[in-house]
Amino acid sequence: MNKAVNTPETRVTARPARMGVRLRALLGILIFMALGGAGWLLQRWEPTLLPIRVIQVEGEMHHHSSQHLQDRLTERLHGGILTADLVDLKRAAEDLPWVGQASLRRVWPDTLRVQVQEYRPIARWGLDGLVTADGVVFRPQGGTIPSNLPMLEGDDKRAPEVTARYLKWRDALERIGHGIQRLSVDPRGDWRIELVSGAELRLGTISVEERLARYLKSASQLESAGRPLTVDLRYSNGFSVKWAPNADTRVRAHPDRVARVGNRG
């Protein structure tokens with residue numbers, strides 16, 4: 001039976017192989033330590049050697065001054081031009097109540113350029129919010145909600161739908177001399193419009209576009225009869241009216257001007 005014999009040549013060949021593995025491992029450790037040390041030195045000295053000296057704000061700002069934004073970013077700034085955390089600084093800018101979007105970029109050698117877009121609200125949203133033309137709801141803190149804007153009401157998820165209808169209906173009503181003071185949709189989907197004149201239009205849950213068109217067609221006739229307080233358009237082919245005192249009841253009773261036809265919905 002043959003037995004394996006370790007010859008001197010075999011032992012000599014194995015020893016350099018093991019030494020090569022150890023040398024490569026040692027080299028890897030040294031490289032890792034060097035990189036770690038370089039990273040530590042960069043983090044420690046880079047803000048001093050390559051500091052951000054200028055924060056440049058671009059974009060039209062109304063509710064937050066450029067100085068306010070610069071101060072906010074300076075408070076959150078850690079690192080120099082190479083190591084500043086732009087994601088964190090972007091978050092800090094967009095946390096300001098009226099800032100809708102911010103983008104930041106480094107400009108060599110010492111400038112941070114900030115592009116800002118503020119929200120442009122078209123209406124109040126409920127009691128504590130504002131909404132843009134795209135249906136974006138935001139809630140600024142500190143009592144900064146303008147009181148002269150119309151009010152829209154509904155679930156936040158329906159904000160794009162509500163704002164789209166508001167813009168469409170606002171233009172249609174303005175053509176006949178009326179403005180929208182309040183537009184609301186409740187959880188059942190029941191739509192109501194309160195005009196600047198004080199009249200309330202009840203549109204119901206279905207066929208709301210057709211019902212508003214019916215009012216637009218008859219508005220001048222209604223106003224010639226008196227001052228309507230409530231126009232209930234939740235009928236198949238007509239509407240009912242609640243009048244302010246001293247309205248002309250003879251005109252009001254004319255079937256072509258005020259009718260109750262069909263079922264409400």
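**View 1. Strands β10 and β11 run side by side.** Strand β10 (residues 200–204) pairs with strand β11 (residues 228–232) in the parallel sense, over 3 bridges. Pairing requires at least two DSSP bridges between two strands. Glu-200 has Thr-230 in β11 as its bridge partner. Helix α5 (residues 208–225) packs on the sheet and touches β9, β10, β11 and β12. Its direction makes about 150° with that of β10. Axes are lines fitted to C-alpha atoms, for helices over the stretch in contact; angles run from 0 to 180 degrees between N-to-C directions. This is a predicted model, in which local features need pLDDT of at least 70 and side-chain atom pairs pLDDT 80 or more, while totals for chains, interfaces and linings use all residues. Residues are numbered from 1 along each chain as its sequence is written, and side-chain values use heavy atoms, without hydrogens and water.

**View 2. The open sheet has 9 strands.** Their order is β6-β5-β4-β7-β8-β9-β10-β11-β12, with mixed pairing. Strands (E, at least two residues) and helices (H or I, at least four) are DSSP runs, numbered from the N terminus.

**View 3. Helix α4 lies across the sheet strands β4 to β10.** The helix spans residues 159–174 and runs at about 145° to β8 (180–185).

**View 4. Pro-146 sits in the loop between β6 and β7.** Pro-146 is partly exposed because its relative accessibility is 24%; the class lies between buried (under 20%) and exposed (over 50%), using a 1.4 Å probe and protein chains only. Beyond neighbours within four places in sequence, Pro-146 contacts Trp-98, Arg-124 and Leu-130 (heavy atoms within 4.5 Å). The C-alpha atoms of Pro-146 and Pro-121 are 9.5 Å apart, across 25 residues of chain.
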